[in-house]
Amino acid sequence: MHVLRNVLEHTQKNSVAIGHFNIADLVLLKAVFAAAQELKVPVLVGASEGEREFIGVRQIAALVRSLREEFDFPIFLNADHTHSLTKAVEAARAGFDAIVFDASALPFEQNVRKTKEAVEALKAINPAILVEGEIGEIGTGSEIHEKAPDLSKSLTTPEEAKQYVESTGIDILAPAVGNMHGMLRSMVQGETRKRLDIARIAQIKSAARVPLTLHGGSGTDDEDFRKAIAAGIDIVHINTELRVAWRRGLEDGLVKQPDEVVPYKVLPLAVESVKQVVRSRLRLFNGDR
Ligand SMILES: [Zn+2]
C-alpha cells in the first residue's frame, strides 16, 4: 500500500523532494501522472478550493485513487490552500491524503487556534491524514503578476516555526522563505528567477523538525531548488509553470489543426506540453535522475 507519510520519511532521509502539481482538469492529471510514471517517482497532485470546485471534490479523489490502485503507483492527493474548516472536512471525507489548512492571513495567535482546531477535526475523520499549516506571507494567485509584492518583512522565523508546529500538531509546515505564489512576466520569459533564503530553510528545519513544503515554486532558480531540498524542503509546489504550458499546448493543438473538432486529437498536445514541465521538475526534485 502506498502511504504519503512513508514517502515523506524517505524524502527527509535522502535529500529529495516530492513534486506537488496542481490540476484542474484531466489534461493536467494525465500529464502529471505520465511524467511521474515514466521517471518512477512518487508524486503529489494538488487541487485548491477553486480547482476542486471545477473538477469536483469527490470526482478528483476518485480519479487519483483509481490511478494509484490500477497502476499500484505512489500518486497522492492534497487539498491545497483550504481556508475554511467546512471545505477541509469535505476533502477529508472524500479521501484526500493531505490538506493544507491555510489560516496564514490571520494574526499568529488566531492562526494557531484555527489550525489546531482543524488538525483535531480532520484527524477525527481520518487519523492517517496529513495536515499542513502555513505561517508568513507568500502572496496569492498562481498566475502571471505584473509586480512583485514585498514579502521580505513577513519571512518565517525558526522560533515561530517551532512554536507553531508544537502548538498546532500539524504534520507539515509551509514557511515563507523567499518563495511567492505566481510568476512575474519576466520569469515566464526566463529573464529572472526566484531566489530562496537557504540558511533560513535549514534553521527552520532544525527548529520545526517536520517535513517542509515550498509553495510557489514556479520560476525558481534550479540551483536554489537543489540547495533548498538539501536544506530540508520535502515537498515542492509547481502550479503557474503548468498553467503556462497548458495554455501554450492547447493553443498549439488548435492552431496546428484549425479544422479539428475531436477533443482527443487536439488535447494530446496540451498533455505533452505540461508533461515536459512536470518531467523536468521531477528530475530536479529527485536528485537529477
Ligand atoms: Zn501554495
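Biologist: How much of the chain counts as buried?

Modeller: Of its 289 residues, 54% do; buried means under 20% relative accessible area, exposed over 50% and partly exposed in between, with a 1.4 Å probe and protein chains only. Keep in mind that this is a predicted model, where local features need pLDDT of at least 70, side-chain atom pairs count only at pLDDT 80 or more, and totals for chains, interfaces and linings use all residues. Residues are numbered from 1 along each chain as its sequence is written, and side-chain values use heavy atoms, leaving out hydrogens and water.

Biologist: Which residues does Phe 108 contact beyond its neighbours within four places in sequence?

Modeller: Ile 135, Glu 160, Gln 163 and Tyr 164, where contact means heavy atoms within 4.5 Å. Phe 108 and Ile 135 sit 27 residues apart in sequence, with 7.6 Å from C-alpha to C-alpha.

Biologist: What makes His 81, His 181 and His 215 donors of the zinc ion?

Modeller: Donors are N, O and S atoms within 2.8 Å of the metal (3.2 Å for Na, K and Ca); water is not among the atoms, so sites may look incomplete. NE2 of His 81, NE2 of His 181 and ND1 of His 215 lie 2.0 to 2.1 Å from the zinc ion, so they qualify under the 2.8 Å limit. His 81 in strand β3 (residues 75-82) and His 215 in the loop between β9 (212-214) and α10 (222-231) link distant parts of the chain, 134 residues apart. His 81 and His 215 are both buried.

Biologist: Why is Asp 72 called exposed?

Modeller: Asp 72 has 54% relative accessibility and the cut-off is over 50%, so Asp 72 counts as exposed. Asp 72 lies in the loop between α4 (57-70) and β3.

Biologist: And what makes Arg 209 exposed?

Modeller: At 67% relative accessibility, Arg 209 is over the 50% cut-off. Arg 209 lies in the loop between α9 (198-208) and β9.

Biologist: What is phi in Asp 72 and Arg 209?

Modeller: Asp 72 has a positive phi of about 45 degrees, and phi of Arg 209 is near 55 degrees. Most residues other than glycine have a negative phi.

Conventions. Helix = DSSP H or I, 4+ residues; strand = E, 2+ residues; numbered from the N terminus.
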